[in-house]
Amino acid sequence: MISSFFPFLRLGMEHILTGYDHLLFIFSLLIARQTIKQYAAVITAFTVAHCLTLTLTVLDIINVPAIIVEPAIALSICYVAIENIFKKNVKKRWMITFVFGLIHGMGFADLLKGMHLAKNYLAFNIFSFNLGIEIAQLGILAILLPLLLLIQKWRYSARVVHICSAIAFLLGGLWLTERLL
């Protein structure tokens, strides 16, 4: 059991760090001007939601086909990017983040489901994979947060948010089109 902890931890970390759609979603969530408390609420909502659906999906309690999940992930990027451009205040962003986190969790689960894991260590493997995802996300947050707080103090911060969000919208739109076709 212990021998599988680190491989699944690493797999979770790699899954986030190579999942460009998930990285862009996190970046899009965080680029908008927010307080530390709001950032914490957003990250917590995303974590709780994706942990829930990742577990339920791997355990075959829920099963939403990738043909629905993958375009929905791309759509979540587009939505958040548009919100960043047109909405001045994102105080309650944690609520939509929770909903989108449910979708992203199903996407995270696809990798584990494809591995056809043995039932006897399934809970432990899910836990270590999820922990890897969280470690990677917290690492990303640790890198981004000082930069984001610095950008917020800059007089061109709104312009930076709009440009980054427009790029995120375009990439999300490309991924959405690619996943629908």
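## Reading an all-helix chain

Reply: Residues 24 or more positions apart account for 88% of the contacts in the chain with a separation of 6 or more. Contact means heavy atoms within 4.5 Å. This is a predicted model, where local features need pLDDT of at least 70, side-chain atom pairs count only at pLDDT 80 or more, and totals for chains, interfaces and linings use all residues. Residues are numbered from 1 along each chain as its sequence is written, and side-chain values use heavy atoms, with hydrogens and water left out.

Me: How many helices and strands does the chain have?

Reply: Helices (H or I, at least four residues) and strands (E, at least two) are DSSP runs, numbered from the N terminus. Here there are 7 helices and 0 strands. Along the sequence the pattern reads α-α-α-α-α-α-α.

Me: What radius of gyration would a compact globule of 181 residues have, and what does the chain have?

Reply: The radius is taken over C-alpha atoms, and the globule rule is 2.2 Å times the number of residues to the power 0.38. For 181 residues the rule gives a value near 16 Å; the chain has 17 Å, which agrees. The C-alpha trace spans about 55 × 35 × 25 Å along its principal axes.

Me: How do I check the length of a helix, say H3 or H6?

Reply: The expected span is 1.5 Å times one less than the number of residues. H3 has 23 residues and should span 33 Å; its end C-alpha atoms are 33 Å apart, which agrees. Just after H3, Asp 60 takes a positive phi of about 60 degrees.

Me: Where does H6 kink?

Reply: A bend at a residue is the angle between axes fitted to the seven residues ending there and the seven starting there. In H6 a kink of about 35 degrees lies at Leu 144, shortly before Pro 146. Leu 144 is also touched by Leu 30, which reaches Tyr 39, Ile 43, Leu 141 and Leu 148 as well, not counting residues up to four places away in sequence.

Me: Is H2 largely enclosed or open, and why?

Reply: Buried means under 20% relative accessible area, exposed over 50%, partly exposed in between (1.4 Å probe, protein chains only). In H2, 9 of the 12 residues are buried, so the helix is largely enclosed by the rest of the structure. Among them are His 22, Phe 25 and Leu 30. Asp 21 lies in H2. It is buried too, at a relative accessible area of 8%. Asp 21 touches Glu 70, Ile 73, Ile 77, Trp 175 and Arg 179, leaving aside residues up to four places away in sequence.

Me: Which residues touch the most other members of the largest nonpolar core?

Reply: A nonpolar core is a set of buried Ala, Val, Leu, Ile, Met, Phe, Trp, Tyr and Cys residues joined through side-chain atoms within 4.5 Å. The largest one has 39 residues; Phe 25, Leu 30, Leu 54, Val 58, Phe 108, Leu 112 and Phe 129 touch the most other members. H1, H2, H3, H4, H5, H6 and H7 each supply at least two residues of this core. H6 gives the largest share, 10 residues.

Me: What does Phe 100 touch?

Reply: Phe 100 sits in H5 (residues 93-114). It counts as buried at 10% relative accessibility. Beyond residues up to four places away in sequence, Phe 100 touches Phe 25, Ser 76, Tyr 79 and Val 80.
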